[in-house]
Amino acid sequence: MSKRVGLEASHAAAEAARMADVDVIAAYPITPQTHIPERLAEMVANGELNAAYIPVESEHSALSACLGAAAVGARTFTATAGQGLELMHEVVYVASSMRYPIVMTICNRALSAPLSVWGDHSDAMAVRDTGWIQVFCQNNQEAFDMTLWAFRVGEDSRVLFPVMVHFDGFHLSHVTEPVILPEQKEVDRFLPRFQYPFALNPDKPMTHGAFGPPDIYAEAKVAQEVAFRKSKGVIIQGFKEFGDIFGRYYHPVEPYKTEGARTLLLTMGSFSETAKIAIDTKKNKGESVGLINLRLWRPFPFEELRQAVKDAETLIVFDRCISFGGPGGPVSSEIRSALYNEKERPRGVSFVGGLGGRDMSVKDFEYVIDRGREIVEKGSEELFETVGIRGKVTGIRG
Amino acid sequence: MTEKRLKTGSDFTWKDMEVGNIVTEVGNASVRKTGDWRTKRPILDREKCTKCALCWIYCPDAAIKPSEEGYYESDLYYCKGCGICASICPAGAITMIEEEEK
């Protein structure tokens, strides 16, 4: 029997790594991710999990240790956040380019300066182009589910890419919610033992991480890009297989009450749940609105996104990150690119908010929808607008 | 020494890349064409060569092979043209000439 327990997302992710029976964990504690390595260290020390726990001196070392473990075919897990992900950055590219299916949970945190341990998506956006499969979670159940799913998809022989599972620092990482934990035998059915086809082995020597001179590097990158995009099929199949066993079905792009809606709001992560309440409130007043929760961030689900927004007149995109000097938030910029060549597309409006742990309430999302529609009607001088900033914001122009 | 040659240049497409660019065979550096890195190439004067094999010993990358007649000559597919063989040759039998020269 599965059981329903109260868990913060950090402990839910640690529980998923335990049930996935990981072989190696190498992690360095950083707020707000600390509870993940802390809990896993405890599990290993108590004998609840038979794994090598490698305490390292930095995040750069954490992921480097994971590379070594993955190279010998170990099921490998790590977690970090904010500055830790930044310090890890160099190795993040290496993991995906060497095709090691490491799973890493990120408790999304703002980037310094000013120093902030609180949540936003700046850390995630800084690793957008690193070639990791990336998903965002709305709640603690999803933090558990996506972590388990990440091993299944990353390790698939047709994929062999590392996977990042993003969930919001504090808003999820430190908040207790009900989480349904499956039985171990269900997990084992979903996630068979990992057989890495190129595991280092003294009996069959091979070279991992050779260099690539100019006559090979470009071919290597194109091969990686083609394989990465192709992984979307397995990602979707993995969502279905997960649903068939555990009863919860996920999708790259998840519409909420969008049927016939003239105005759509698009959000990612835990704020989607708050935004859903704003949608409900507005729907109750008879307004024609709906929500898109973007789950799969990389590889970007172009077809699914176009399909989900094709009938809308207005698409409001909400970002928890600023792309300095750019067209708005990174999500907004991506959505606009996805729709640019479409003959019929909704008008796009961009908002940035929820930076560095600033809360976004239901009322704030109602404002975003109202103001978004107003911008479409009357226009705005700014490229994007902000939510909840004290003082009138001007000067965000092309 | 293996006579296998890897596909290079226009023969080699992105589809030939192994997953993760992993090299699945060991000791295969010499099957990869590095001869096109050279700016100078070693020329052996058989009249002067004493077959002492010092060039073979000193070559840092195993580009020199003994021939059937007992001479030691460079594998120009692999030789990067560093010139150590020419420097070490006690008989002055090896000279480095510009790649452009015939």
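The lining of the largest cavity divides by class into twelve nonpolar, one polar and one charged residues, where Ala, Val, Leu, Ile, Met, Phe, Trp, Tyr, Cys and Pro count as nonpolar, Asp, Glu, Lys and Arg as charged, and the others, Gly among them, as polar. This is a predicted model, in which local features need pLDDT of at least 70 and side-chain atom pairs count only at pLDDT 80 or more, while totals for chains, interfaces and linings use all residues. Residues are numbered from 1 along each chain as its sequence is written, chains are lettered from A and ligands numbered from 1 in the order in which they are written, and side-chain values use heavy atoms, with hydrogens and water left out.

A cavity is, on a 1 Å grid over the protein atoms alone, a set of points where a 1.4 Å probe fits but cannot get out, whereas a pocket is an open set with protein on both sides within 12 Å along at least five of seven lines, and lining residues have an atom within 4 Å of a point. Grid points are joined across faces, edges and corners, and a volume is the space filled by probe spheres set on the points. The structure holds three cavities of 30 Å³ or more, and the largest of these has about 100 Å³ of space. Of the 14 residues that line the largest cavity, Cys49(B), Cys52(B), Ala53(B), Cys55(B) and Cys89(B) lie nearest its centre. The second largest cavity, of about 50 Å³, is lined by residues of chain A, including His121(A), Met125(A), Phe318(A) and Cys321(A), and its lining has five nonpolar, one polar and two charged residues.

Where the chains meet, the contact (heavy atoms within 4.5 Å) takes 14 residues from chain B and 21 residues from chain A. The area buried between chain B and chain A, meaning the accessible area (1.4 Å probe) that two parts lose on being put together, summed over both, is about 1,500 Å², of which carbon and sulfur atoms give 69%. Trp14(B), Val19(B) and Ile22(B) supply 35% of the area that chain B buries against chain A, more than any other three residues. Across this interface the rule finds zero salt bridges, a salt bridge being a side-chain nitrogen of Lys or Arg within 4 Å of a carboxyl oxygen of Asp or Glu.

The largest pocket, with a volume of about 980 Å³, is lined by 36 residues, and those nearest its centre come from both chains: Ala210(A), Phe211(A), Ile216(A), Asn21(B) and Val23(B). Helices (H or I, at least four residues) and strands (E, at least two) are DSSP runs, numbered from the N terminus, and α8(A) gives the most to this lining, with five residues. The second largest pocket has about 430 Å³ of space, and α8(A) again gives the most to the lining, here with seven residues. Its lining has five nonpolar, five polar and nine charged residues, and among the residues nearest its centre are Arg298(A) and Pro299(A).

Arg298(A) and Pro299(A) are also joined by a cis peptide bond, with omega about -10°, and Pro299(A) lies in the loop between β12 (296-298) and α10 of chain A. Another cis peptide bond joins Ser112(A) and Ala113(A), with omega about -5°, Ala113(A) being in the loop between β5 (103-108) and α5 (122-126) of chain A.
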